[in-house]
Amino acid sequence: MSTPKEYTSDLADAEWAKIEPLLPPDKPVGRGREVDLREVLNAICYRADNGVKWRNLPSDFPAWQTVYTYFRTWVRLGVWEEINLALVKSVRQAAGREAEPSLTIIDSQSVKLGQKGGSKLGLMATKR
């Protein structure tokens with residue numbers, strides 16, 4: 001098997017070490033995984049970095065259908081949120097801050113809309 005081409009969007013070893021444990025394990029039954037998840041992630045990063053269509057991923061990545069299926073599965077399972085939370089914590093700690101933010105900002109427009117009419121307003125029928 002040839003060595004895959006390297007792209008500027010590829011994950012560094014340190015990045016991969018933080019993300020790999022957050023990915024779902026291989027299924028316990030059936031055929032084993034035939035694709036390298038690091039290459040799948042590299043393909044997803046390449047697409048995000050270059051704005052190409054799934055079908056236009058370079059051929060040295062896994063098949064675009066495979067990459068897309070993993071991407072959609074991970075969206076459905078909440079894997080991207082877990083990765084984001086872990087990386088935010090890591091960046092905050094590297095900057096000498098607490099892992100968890102101590103401040104939350106709430107959009108005042110959302111609060112104002114939530115206060116109008118109360119909780120029963122959405123249940124009431126309207127006349128036309």
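## First stop: a loop residue

Select E100, which sits in the loop between α4 and α5 (108–115); helices here are DSSP runs of H or I, at least four residues, strands are runs of E, at least two, and both are numbered from the N terminus. Before you zoom in, note that this is a predicted model, where local features need pLDDT of at least 70, side-chain atom pairs count only at pLDDT 80 or more, and totals for chains, interfaces and linings use all residues. Residues are numbered from 1 along each chain as its sequence is written, and side-chain values use heavy atoms, with hydrogens and water left out.

Now show what touches E100. Apart from neighbours within four places in sequence, E100 is in contact (heavy atoms within 4.5 Å) with K89 and R92. Draw a C-alpha to C-alpha distance from E100 to K89: you'll get 6.6 Å, for a pair 11 residues apart in sequence.

## Back along α4

Next, select residues 79–94, helix α4. Its 16 residues reach 22 Å from first C-alpha to last, close to the 22 Å expected at 1.5 Å a residue; that expected span is 1.5 Å times one less than the number of residues. Color V79, I83, S90 and R92, the buried residues of α4. Then bring up α1 (13–19) and α3 (64–77), which are among what covers them.

## The largest pocket

Where is the centre of the largest pocket? Pick D26, K27, R33, T69 and Y70, which lie nearest to it among the 17 lining residues. The lining divides into seven nonpolar, four polar and six charged residues. (Ala, Val, Leu, Ile, Met, Phe, Trp, Tyr, Cys and Pro count as nonpolar, Asp, Glu, Lys and Arg as charged, and the others, Gly among them, as polar.) A pocket is an open set of points on a 1 Å grid over the protein atoms alone, where a 1.4 Å probe fits, with protein on both sides within 12 Å along at least five of seven lines; lining residues have an atom within 4 Å of a point.

## Zoom out

Finally, show the whole chain: five helices and zero strands. Buried residues make up 24% of its 128 residues.

Terms used
Buried means under 20% relative accessible area, exposed over 50%, partly exposed in between (1.4 Å probe, protein chains only).
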